[in-house]
Amino acid sequence: MVHRPQGVKAKRLLLIGGGKAQSFGSYELRKLAGAAVRFLKPRSIRALSFVAPPLPPGAADAVKAVVEGAMVGDFDSDVYKTDRKDQRLDELTVVAGGNGGGAQQELEQALEAGRIIGESQNFTRGLINEPSNRLTPTVLGDRARQMAEEVGLQCEVYGPEKLHELKMGAFLSVARGSDEPPRLIVLRYEPEGAADQPVIGLVGKGITFDTGGISIKPSEGMEKMKYDMAGGANMLGAMRAIALLKPKVKVVAVVCATENMPSGKAQKPGDIQIAMSGKAIEVINTDAEGRLVLADGLHYARQRGATCLIDAATLTGAVVVALGHVNVGIFANDDAMYRQFAQAEQRAGEKMWRMPLDAEYFEQIRSHIADIMNTGGRWGGAVTAAMFLKEFVDKTPWIHLDIAGTAWIDDNKPWIAKGPSGVTVRTIIEFIRDVAAKGRVGDGLGGA
Ligand code: BES
Ligand code: MN
Ligand code: ZN
């Protein structure tokens, strides 16, 4: 940081290295903006002007990336520190337009979009950050309803009676061990003038705490299982942004919220559960609960009109073994939808890596006593979990995001705080905006 730089009106000038020029893009620009904010906050500097370097796609993209990156850098997870100094940013000015410039109005729209998207990602991170005693399924339902009222979404929150009525045997089997009642959260966005189809269905795993149930987890690291509702929180954040950005396409979101607890009422290994779709599931391991709640969530989203599906879940430890903490595991049963989603991922600056869904893997989850088992043995655990979900989406174009390794950041980074990442929120928003702009799901190049 240069103090009183010559020839510049500003009192202080912060210079940040952006790495190699050839590989510099909006992904790096987001990080720079986040790093600037995180450098300045502890120095009690709450206002800054960011001069964005020219980027190939254009000034509007640069502005959006700067605002998103700055908002992401502005989030801290230390909300329960009694001496917390909440040093949030007050003012951000973005200076951009070097490369051919851009109309002021276009830049302002990009800034506003970046603000909505960044705020929504932080809304998601705030939910994930909450411990399970303060964010029960009931509280998550209340928070969803409150957000829906604020931004103008239709919201329904259901309890166990409705789940019985819908015959959600898989979802209910996980909830039975807990004293906290489950919640089925449904948010709908149906803008005027939108076509009847497509309807994008978003389904989120909302396990507010995962003990493993009777197949209980070891105590070491179990405290982190408060973030097992990250997938659900991602969908709520994405819906918040959609309501404010107003793309012309219908979206329905379903979050299956419950605890996974051991108790005298809890389900046991070997139990058979009948999912809403009618499929019979042999529960081998009660800790493979995410796929059980999602089985009913995915089926229900289709029943509510979804013509394509995206789910996000902290589903498997195996995806962490495969991809570490860098890439989200992405699975797709439709190449055209995958390619469109991968483009959205580039624009959003989030990292994902495609994983396979070959039919051979199904043999690992074929049950002798029922249709399907909820675990597939040691090998390829992220894939067999996805194969399980695939049984409940049928032929609907579908994308599954396994965020177990990426939803939580273990160490502080210059551009983002330790704690919940909110990753996949931005990509889902970009994807929905693209579907609205093009009026179709898929990149139009064909192929299944
Ligand atoms: N919520 C966990 C997955 C997880 C692991 C999330 C690590 C975040 C970090 C999930 O419910 C789970 O327990 N999965 C089991 C499945 C197994 C029993 C087949 C796992 O991955 O061990
Ligand atoms: Mn589990
Ligand atoms: Zn879980």
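Tutor: Let's start with a term: a salt bridge is a side-chain nitrogen of Lys or Arg within 4 Å of a carboxyl oxygen of Asp or Glu. Keep in mind that this is a predicted model.

Student: Why can such side chains pair at all?

Tutor: Side chains of opposite charge can pair when their charged atoms come close. Here, aspartate 335 and arginine 354 meet through their side chains, with N and O 3.0 Å apart. The two partners come from distant parts of the chain, with aspartate 335 in helix 10 (residues 335–348) and arginine 354 in strand 13 (residues 352–354), 19 residues apart.

Student: Are those two buried, exposed or partly exposed?

Tutor: Aspartate 335 is partly exposed, at 30% relative accessible area. Arginine 354 also has 30% and counts as partly exposed. To read such values, take under 20% as buried and over 50% as exposed, with partly exposed in between.

Student: How many salt bridges are there in the whole structure?

Tutor: A search turns up 30. One of them joins aspartate 78 to arginine 84, at 2.8 Å from N to O. Aspartate 78 is partly exposed at 28%, and arginine 84 is partly exposed at 28% too.

Student: Which partner does lysine 250 have?

Tutor: That's aspartate 196, and the closest N and O atoms are 3.9 Å apart. This pair also ties distant parts of the chain together: lysine 250 belongs to strand 8 (residues 250–260), while aspartate 196 sits in the loop between strand 6 (183–189) and strand 7, and 54 residues separate them. Aspartate 196 is exposed, with a relative accessible area of 63%.

Student: Which residues do salt bridges with shared partners join into one network?

Tutor: Look for Arg30, Lys64, Glu68, Arg347, Arg426 and Glu430.

Student: You mentioned strand 8. How do I read its surroundings?

Tutor: Count its buried residues, then look at its neighbours. Ten of its eleven residues are buried, so strand 8 is largely enclosed by the rest of the structure. On pairing, strand 6 runs antiparallel to strand 8 over seven bridges, and in that context isoleucine 185 stands opposite valine 255. Strand 7 pairs with strand 8 in the parallel sense over eleven bridges, and isoleucine 200 stands opposite valine 251 in strand 8.

Student: Now the metals. Which residues coordinate the zinc ion (ligand 3)?

Tutor: List the donors, then check the angles. Lys205 (NZ), Asp210 (OD), Asp228 (OD) and Glu289 (OE) coordinate the zinc ion (ligand 3) at 2.0 to 2.4 Å. Along the chain, these donors follow the spacing K-x4-D-x17-D-x60-E.

Student: Why is the arrangement octahedral?

Tutor: Because the six donor atoms subtend angles of 79 to 174 degrees around the zinc ion (ligand 3).

Student: Which residue bridges that zinc ion and the manganese ion (ligand 2)?

Tutor: Aspartate 210 does, and the zinc ion (ligand 3) and the manganese ion (ligand 2) lie 3.1 Å apart. Aspartate 210 is in strand 7 (residues 199–210), whereas aspartate 228 is in the loop between strand 7 and helix 7 (230–245), 18 residues apart. Aspartate 210 is buried, with a relative accessible area of 3%, and aspartate 228 is buried at 3% as well.

Notes: Residues numbered from 1 in each chain as written. Chains lettered and ligands numbered in written order. Predicted model: local features only at pLDDT ≥ 70, side-chain atom pairs only at ≥ 80, totals over all residues. Heavy atoms only, no water. Donors = N, O, S within 2.8 Å, 3.2 Å for Na, K, Ca; no water. Tetrahedral: all angles 85-135°; square planar, octahedral: opposite > 155°, others 65-115°. Helix = DSSP H or I, 4+ residues; strand = E, 2+ residues; numbered from the N terminus. Buried < 20%, exposed > 50% of the residue type's maximum accessible area, 1.4 Å probe, protein only. Pairing = 2+ DSSP bridges.
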